[in-house]
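Hello,

Here is the structure we spoke about, for you to look through. My notes on the contact between its two parts follow below.

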Amino acid sequence: MDCNKLAELLFPNITETPEELETRYPPRDLPEGAKVTRFAPSPTGFVHFGGLFPSMTGERLAHRSGGVFYLRIEDTDAKREVPGAAEGLIRTLARYGVRFDEGAVIGDDGRITDRGSYGPYRQSARASLYHVYAKKLVAEGKAYPVFTTDEELDRLNAADRKAELQSKIRTEEAAAAQREEMLSHRRFTLEEVEAHLRHGDPFVLRILSDGDGKKTVKATDLVRGTLEFPENDEDFVLLKSDGIPTYHFAHAVDDHLMRTTHVIRGEEWLPSLPKHLQLFRYLGFRPPKYMHIAQIMRIDENGNKKKLSKRDMGANMDDYTRMGYCPEAVCEYVMTLLNSNYEEWHMQNPDKPYTDFPFDIKKMAVSGCLFDFVKLNDVSKNVLSRMTAGQVFDGLTAWAAEFDPEFHEELTADPAYAMAILSIGRGGKKPRKDLAVWADAKPYMSFFYDRFFSVTDPIPDRFDKADIDAVLTAFLASYDEKDDAAVWFDKVKKIAASLGFAADMKEYKADPDAYKGSIADVSMFLRVAVTGKTNSPDLYTVMQLLGAARTTARIRAML
RNA sequence: GGCCCGGUGGUCAAGCGGCUAAGACACCGCCCUUUCACGGCGGUAACACGGGUUCGAUUCCCGUCCGGGUCACCA
């Protein structure tokens, strides 16, 4: 068979050569050791939590090495594409600090455009590039067309075929039959090809595999070390019948042409690594370094681990926004999972941003970890506790504007007041950690606003109403807003003592029966009256912020 | 089912032939404290199992079991 003739028949319009592409996309001029990485999602939906891992890894590796991090849109499957998904993806990633130097970006008109000289960055716009290499492979006898008639296409879409794929099981007989079928496709003549072409039959291009499933190939993965796989012996599809490449082919061509140095992707790609290595070899490309990173897992209803997928709670990044997690907290949590020594580093460098952390490939986890909201909350509390009141105010109001308009209204009506509230216990070495998410703020501070104030947590009924009233009345009589904290508390103590409550906790504990209660109880009466709850931040400060008028009004209302 | 990857406390994990097997989160006590939060101190809790190799295995090898992934003209 004349392979050159076949190549000409199949790709008559391709005149460019691989050599020309080499000069059009020359090796990048970057310092020694600079890494070129990419995030290459298919625009089939939103970015989910699992997608943050490879993207943050790529971003860190590229930017810490003085390299390039770019975005490539893998839209080779028109059937699955979701309109607007690519734009959403970019915006979401940007919120989490994942910024691209190059690739598909959102232009001024809100639509996707390219930035950088290694584009186009949408695979659907790169068809002619793939065809240059497809033609080369055909000419060298390394790939061949398989024509499919309409009825064969129907068979591919048939229900039983779908069921077979659904079952995810490939029995030995099925494999043998498939192999037999594949081999039969290799037998054709130029005349047959010409006839099909004349007839307008679509074809797929398959690789002519030289692999032997009985032999093995070694592959190196930067996070897993040396791996061994059976050689690929499958004539997998390079070009689909619409002329668009499959992932495998696009990966080889794109990552070579775009000069990617490190391919970072989920471990679900591990089994197809032999295919990719074979392709790079066929194409004469030097393969990139691979990093297959562990999947994030969840526990399913049967108690088994499952890969975190789009529908799961905690998968959609918009959920985090809605719940009120700030991006910094999410990023930090991701870092703790990505590099096992991150937490240690962070404890030693509490004031440095995670971008200063010396990210290390060797510290990456090999096995998939379970997503843990409890840990996320802890990380988040720490992140929020380190913020200034102004930062908290900004974050909180931005969240509330969208998800709690009533609260937002109150917050912004008097920003100074809101910030004063948020300043309680903030700053210093041991800041309060009341907030994990923005949504925690309202239950924490709502009593500062008359609109939200109510007694939700009443005084336990083991106390006499008369005693409570006596305390409140006495407090009202002695309260002076201008007292400092020490004077204020002294007065409370005096009231306690005069009404049969222990002013000193140690004395009370020594002999509880000698008293009606303690200073703690007295404080609690006041606290419930003023805040509506049995616990709150420092009462004196609360009263100061509330002001004398509201403080006394609330206490009177309890009588 | 074939192939591939993995298996240290409830979770995330140090470890890389010899350790009383770190640490963080969670949980439980105690302390501090007018409540809460913070902070401090202490505690419960782990090398999946069976064979090797070795003077010695959590660590190396093999098998078993368990978990995950993958077997498309999807990525």
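**Contact between the domains**

Six residue pairs are in polar contact between domain 1 and domain 2, counting pairs with both residues at pLDDT 80 or more. That cut-off applies because this is a predicted model, in which side-chain atom pairs count only at pLDDT 80 or more. Salt bridges between domain 1 and domain 2 number zero.

To place these two parts: in chain A, domain 1 covers 298–363 + 370–386, and domain 2 covers 393–558. Domain 1 gives 12 residues to the contact, and domain 2 gives 11 residues. The C-alpha centres of domain 1 and domain 2 are 34 Å apart.

The size of an interface is often expressed as the accessible area lost when the parts come together. Here domain 1 and domain 2 bury about 1100 Å² between them, and 59% of this is on carbon and sulfur atoms. On the domain 1 side, the most area is lost to domain 2 by K381, L384 and S385, which together make up 48% of what that side buries.

Which elements give two or more residues to the side of domain 1 that touches domain 2? They are helix 12 (317–323) and helix 15 (373–386). Helix 15 supplies the largest share of that side, with six residues. Sorted by class, the side of domain 1 that touches domain 2 consists of four nonpolar, six polar and two charged residues.

Regards

Key: Residues numbered from 1 in each chain as written. Chains lettered and ligands numbered in written order. Predicted model: local features only at pLDDT ≥ 70, side-chain atom pairs only at ≥ 80, totals over all residues. Heavy atoms only, no water. Domains from an automatic or database assignment. Contact = heavy atoms within 4.5 Å. Buried area = accessible area lost by both parts, 1.4 Å probe. Salt bridge = Lys/Arg side-chain N within 4 Å of Asp/Glu carboxyl O. Polar contact = N/O pair within 3.5 Å; in protein donor to acceptor, adjacent residues only side chain to side chain. Helix = DSSP H or I, 4+ residues; strand = E, 2+ residues; numbered from the N terminus. Nonpolar A, V, L, I, M, F, W, Y, C, P; charged D, E, K, R; others polar.
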